[in-house]
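Let's take a friendly look at how charged side chains pair up here. Keep the viewer open as you read along.

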Amino acid sequence: MAEIVEADNYEAIITRIEHKSRKIESLLKQYKPVEALKTALEGSPPKTKDERCKSANWIVVHRAIMAIKDVDSLFSALDPEYYDILMKYLYRGLSTGDRPTCDQCLRIHEKLTEKAGLGCILRCLADTVNTV
Amino acid sequence: MAATSVHKFAQCITCHAWSPDLSMIALCPNNSEVHIYKLSEDKWERVHVLQKHDQIVSGIDWSYRSNKIVTVSHDRNSYVWNQEATGWVPTLVILRLNRAALCVQWSPKENKFAVGSGAKTVCICYYEQENNWWVSKLIRKKHDSSVTSIAWHPNNILLATTSTDGKCRVFSTFIKGVDAKDSGNSADTRFGEQIVQLDLCFCWAFGVRWSPSGNTLAYVGHNSMIYFVDEVGPSAAAQSVAIRDLPLRDVLFLSERMVVGVGFDCNPMVFVADESGLWSFLRFLDERKAASSSAKYGSQFSEAFEKFYGQSKFSASNNVEQSRGAHDNCTNCILPLAKQRKSSVTRFSTSGLDGKVVTWDLQNQEDLLDYL
């Protein structure tokens with residue numbers, strides 16, 4: 001899921017994220033928020049050190065997270081392989097301190113914890129190298 | 001029930017070890033002493049107290065054949081205890097550490113023991129006949145952080161370590177004059193040479209073990225993952241299995257195809273490999289899990305607070321009696337119960353921060369016996 005990217009290939013990553021962003025917008029217009037979130041999470045760059053890439057991807061993921069209306073139907077459609085990376089982005093969302101973002105992240109966090117267990121939270125908190 | 005006996009020895013147990021005939025247990029009740037208990041007429045009776053360390057004893061190992069106890073402590077020293085007519089007589093082993101010793105294990109041949117430490121080093125200690133003295137040889141500058149766990153390969157040469165730098169490493173501990181030249185594939189390995197470094201976990205790693213044959217290595221990370229490594233060497237094949245629940249602290253191979261992990265979840269987890277060698281989580285060993293996972297999610301918050309204040313994990317649940325298992329705090333030590341090293345074991349013991357030692361038997365667990 002998270003592709004291995006060369007550390008110095010930042011421009012390519014940014015271009016890909018921009019491309020992803022356009023795709024997400026069109027998916028959201030078609031009322032496919034879950035597909036949009038999957039697209040946003042795919043190819044997330046946790047392995048790169050570059051904060052610019054991380055922020056660019058966070059903006060895209062944030063857009064998709066905020067578009068989720070029905071959390072229950074999200075988890076009936078989201079495959080378990082996305083759980084760990086989604087949890088990382090939820091914690092990034094919570095760290096912003098922005099009220100609507102935190103509300104939304106907490107709502108998803110509750111359901112995600114039910115689905116994926118405490119291990120998912122531990123994997124997110126314990127990994128200080130591959131941050132998003 | 002898989003747990004055959006539960007006995008609370010102390011407030012908290014840092015580690016325990018069994019005598020060769022399994023009639024006695026040595027444990028550290030979270031202080032500088034080692035207590036030896038003997039089972040007589042279904043009652044545990046304290047028969048010896050080993051007092052020599054002046055800080056918490058972090059590791060105990062009791063050798064199968066030579067009946068020696070080795071202890072290590074946060075006071076940076078190690079003692080080898082010999083049973084003589086007057087009791088247990090200690091011999092100081094100077095480890096030459098500047099940080100706490102964290103774990104200890106006798107090698108399979110019992111001519112060496114290894115100590116992991118907070119000084120980013122591993123000590124390999126061996127007995128020098130001419131000086132009547134245990135010598136400590138250090139593996140330095142290989143670890144970037146504390147060595148949390150060590151495991152001897154059955155060939156008596158290879159030693160696996162896990163560290164809080166997240167890596168699992170395998171070293172050669174070949175010592176000239178102690179090890180025979182032809183034991184294992186050690187012909188071209190020098191002492192302290194790193195055979196492989198496994199870089200799978202990005203957080204603290206704990207609890208490493210070899211399978212009985214030495215073909216597979218398992219270790220756990222603080223990120224709720226367990227790692228299985230086959231063919232340790234240049235072409236190592238690794239598998240990682242994510243755990244749904246809290247992380248593990250220690251693991252034990254019951255056979256080539258079955259591993260039990262214990263840790264913060266208080267309930268031993270069983271992992272098995274299918275015919276193709278693919279590892280997966282099978283189930284919990286203790287039966288309470290069904291009750292506690294169906295408990296309301298909201299109560300986890302108050303449970304978390306309780307844990308924070310050091311109370312037992314399940315005391316606040318509404319269905320207390322139902323959900324209480326053998327252990328009710330973090331389990332950090334698991335040992336086989338066997339009178340000699342065997343290819344598979346069905347009995348083992350666990351101890352943890354709740355001060356209990358629990359023995360487990362798989363004899364009546366039909367679904368698990370296929371994997372032995």
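In this predicted model, Asp127(A) and Lys88(A) form a salt bridge whose closest N and O atoms are 3.4 Å apart. Lys88(A) belongs to helix H5 of chain A, while Asp127(A) sits in the segment after helix H7 (118-126), so the pair ties together parts that are 39 residues apart in sequence. Are these two residues buried or exposed? Both Asp127(A) and Lys88(A) are buried.

Another of them joins the side chains of Asp79(A) and Lys38(A), at 4.0 Å from N to O. Here Lys38(A) lies in helix H2 (residues 33-41) and Asp79(A) in the loop between helix H4 (71-77) and helix H5 (83-96) of chain A, so this bridge ties together parts that are 41 residues apart in sequence.

A further bridge links Arg52(A) and Asp50(A), with 3.8 Å between the closest N and O atoms. What else do these two residues join? Through salt bridges that share partners, Glu11(A), Asp50(A) and Arg52(A) form one network.

For the two bridges just described, the table gives the relative accessibility of each partner.

| Residue | Relative accessibility | Class |
|---|---|---|
| Asp79(A) | 33% | partly exposed |
| Lys38(A) | 13% | buried |
| Arg52(A) | 46% | partly exposed |
| Asp50(A) | 15% | buried |

Asp50(A) counts as buried because its 15% relative accessibility is under the 20% cut-off.

Terms used:
Residues numbered from 1 in each chain as written. Chains lettered and ligands numbered in written order. Predicted model: local features only at pLDDT ≥ 70, side-chain atom pairs only at ≥ 80, totals over all residues. Heavy atoms only, no water. Helix = DSSP H or I, 4+ residues; strand = E, 2+ residues; numbered from the N terminus. Buried < 20%, exposed > 50% of the residue type's maximum accessible area, 1.4 Å probe, protein only.
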